Amino acid sequence: MEMWFSDEHTDNVKLSLRIKRQLFSAESEFQRIDVLESEDFGKVLVVDGDLMLTEKDEFIYHEMITHVPMAVHPDVKNVLVIGGGDGGVVRELIKYDSLEKIDVVEVDPLLVEVCRKYIPEIACSLNDSRVEIYNEDGLRFIRSRTSEYDLIIIDSPNPFGPGEGLFTKEFYGNCYNALRDDGIMINQNESPFYEEEAFQCQRMHKRIVETFPICKVYQAHIPAYPSGHWLFGFASKKYHPLNDLNGVGWKLRGISTRYYEPRLHYGVFALPVYVEELLRDVE
Amino acid sequence: MDISAQKHAPIYEALERFRKMRIVPFDVPGHKHGRGNPELVELLGSKCVGIDVNSMKPLDNLCHPVSVIKQAEELAAEAFGAAHAFLMVGGTTSAVQSMVLSCCKKGDKIIMPRNVHRSVINALVLCGAKPVYVNPDVDQHLGISLGMKLSQVEEAIRENPDAVAVLVNNPTYYGICSDLRSIVKIAHEYGMKVLADEAHGTHFYFGEGLPVSAMAAGADMASVSMHKSGGSLTQSSLLLTGPNVNAGYVRQIINLTQTTSGSYLLLSSLDISRRNLALRGKEAFAKVAELARYAREEINQISGYYAFAGEKINGNSIFDFDTTKLSVHTLDIGLAGIEVYDILRDEYDIQIEFGDLGNILAYLSIGDRKQEVERLVSALADIKRRYQKDKTGMLTQEYIAPDVVLTPQESFYAEKESLPIRETKGRICSEFVMCYPPGIPILAPGEAITDKIIDYILYAKEKGCSMTGPEDEKIERLNVLKER
């Protein structure tokens, strides 16, 4: 039997994966969740028909969204992860013994449950004693927090679903308020390549620039995501992502990674010309 | 209410039958089910243009309903507890106009609060009736006009026993209700009709724990904006009448100004929305009220904002409050409502209903979800963080009692001249000036202009209120009556 899953990258472009079997499918209060097992990408998490992560390339995304700020901020103790019910970001975070508290705000409890059961390789990290999971709307959670976190990681899927509120100016403003005076906020910043995402990419950057004094964008190559070229936003009240990088210090921590590396850190902030222009247009 | 009858939507069903017949159109509209205007089809979809058709026997005729429109009106009347219901396609403005024109002739007096919608005074320009204004009570802290005190209405009725009707906002834009039942009782004792502007009250007919609806209170006519809380398409509306109103005469009045090409998109949207409200309105509005309650609670937690509700009820000028309304007082963070309104739109991509000098109103309806409410609340929190300032020097909304010199009609058609606004003091205005929304006139034709009014207009303009009414679109000049 032949079975294919297609992730629509645009109305006219899609990535298709040959599927061995479907491991799970259900509709939660918020969204439809599927877990598939593919030939070449391993297990695949799909939400509302959109590919969220694959076993094969998730390490790139999760390492890049986590270690870049961790190598810059000298003393992260409290971290807030918005979204991230799959546990990927947390798996990277718990590599740091110095962290004291990791709050995860995932609106959909079913997503957490499904990942724990079907993708335990990633989601088992959520069992770490420092982790607390809040099944709440991220926008509501952040509203009442002031100067509480050193690092906020926004790991929200895309601006068109139930997570739409996590791509808004009010959200970034409230994140600013929830960060300490030297806090850093990292967001997944979509892909600059296809028109619709490029537009979202600009919009996000514009809103963050209006909120934080230091805003830089960096990139990674994530094969299963639209165009494979992905951006992240580094927004900060005090630390500069390159000038304040402590690569040696990070190396000494002995954290094992497969993608991130302080030498790479310098490179990822060097963006292609068209991306620079896209971002400059809204700065 | 006969629930099984309410499951029908006669106009919608007739359109469905019509579609299946694949009738060849040699009548208007000329786009012929969209074939002649592909770009329009691209925008609206083929289903939508396919039912944009003309009156014809199987689809009835809005000017003289005998079949499916008549049935739809009967179902609407039953659902709203009215003796008769008219489907309206010219907005609630046309419903309000028809109410006034049905009751008043030239020279007749009509008692009304001054904070009426412009459409009421427009109707007076058309028919020449004289307004007898009852000054609404004002909440000094919030700076909003409230309902009419019963004693004031009673006084106006006693002083003007020759008046033919009393018009009541049920509720005001801010959700505030007067004591409609008692007003009806007194007015009827004096042989006056009671007309209700229910532009913001559709849900009163279906929700629980909401203020009394005009028909339930015994009013004679009510204009109901189905397209606001009822969910139908913009510009569609209902005119309801009670048992003591001659429906045939009202139909004639409506036909004086109503189009003879009533849109079936609007008519079917009324039909479907009435069905939805009759079948599911109670649950739907319970959800809206709960959402509004949640939003108020969250907004009041931010501190600095005040989202007000039932605690304001005083048994008189705030006889009842519509808890689905979300009004927020913003002055205490040092921002005018209109400024918050603009910031929400320009910086947060959130469009709310309106902002006045001291408050904003966010319109919640059957289409809202919690995640959008979270955005609104968070945006307000962020606006406070970024923009909060001292409120000294901020004006609150004021109710300025009008000095009515001439009827709206006399002054509208009188000889006039245009003067710079600063030079109009002491003159009689011949046009409207209002912030839109809410569309409640600061000045209406026939009223004397004072320094206070001029200052108010200029301040509202400076704060960014969108002003309408005058011929001069920049509102730098006003038309006033020529002095004889």
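The largest nonpolar core of this predicted model has 145 residues, and within this core B:V100, B:A219 and B:L238 touch the most other members. A nonpolar core is a set of buried Ala, Val, Leu, Ile, Met, Phe, Trp, Tyr and Cys residues joined through C-beta atoms within 7 Å, where a residue is buried if 20 or more other C-beta atoms lie within 10 Å of its own, exposed if 12 or fewer, and partly exposed in between, with C-beta atoms placed from the backbone. Because the model is predicted, local features need pLDDT of at least 70 and side-chain atom pairs count only at pLDDT 80 or more, while totals for chains, interfaces and linings use all residues. Residues are numbered from 1 along each chain as its sequence is written, and chains are lettered from A, and ligands numbered from 1, in the order in which they are written.

- Not counting residues up to four places away in sequence, B:L238 touches residues including B:A76, B:F86, B:M88, B:V224 and B:L270, a contact being two residues whose C-beta atoms, placed from the backbone, lie within 7 Å.
- Apart from this core lies another, of 74 residues, among them A:I82, A:F167, A:A220 and A:F232.

**The sheet of chain A**

- Seven strands of chain A form an open sheet in the order β8-β7-β6-β9-β10-β12-β11, with mixed pairing; two strands pair if DSSP finds at least two bridges between them.
- The edge strands, each of which pairs on one side only, are β8 (131–134) and β11 (214–221) of chain A.
- Strand β7 of chain A, residues 101–105, runs parallel to β8(A) and is joined to it by four bridges, and the bridge partner of A:V105 in β8(A) is A:Y134.
- Helix α6 of chain A, residues 169–178, lies across β6, β9 and β10 (179–188) of chain A and runs at about 145 degrees to β10(A); axes are lines fitted to C-alpha atoms, for helices over the stretch in contact, and angles run from 0 to 180 degrees between N-to-C directions.

**Annotated positions and a glycine in chain A**

- The "binding site" annotation of an unreviewed UniProt entry covers A:H62, A:D86, A:D155, A:S156, A:P157 and A:N158; UniProt positions are given in the numbering used here, feature names are shortened, and annotations may be inferred rather than shown by experiment.
- A:D86 is found in the loop between β6 (78–83) and α2 (88–93) of chain A, and this residue counts as buried because 26 other C-beta atoms lie within 10 Å.
- A:D155 lies in strand β9 of chain A, residues 149–155, and is buried because there are 24 C-beta neighbours inside 10 Å.
- A:G163, in the loop between β9 and α6 of chain A, is in contact with A:G83, A:S156, A:P157 and A:N158, leaving aside its neighbours within four places in sequence.

**Where the chains touch**

- The contact between the chains takes 12 residues from chain B and 14 residues from chain A.
- On the side of chain B that touches chain A, α13(B) gives the most, with 10 residues.
- By class, that side of chain B has four nonpolar, two polar and six charged residues, where Ala, Val, Leu, Ile, Met, Phe, Trp, Tyr, Cys and Pro count as nonpolar, Asp, Glu, Lys and Arg as charged, and the others, Gly among them, as polar.

Terms used
Helix = DSSP H or I, 4+ residues; strand = E, 2+ residues; numbered from the N terminus.
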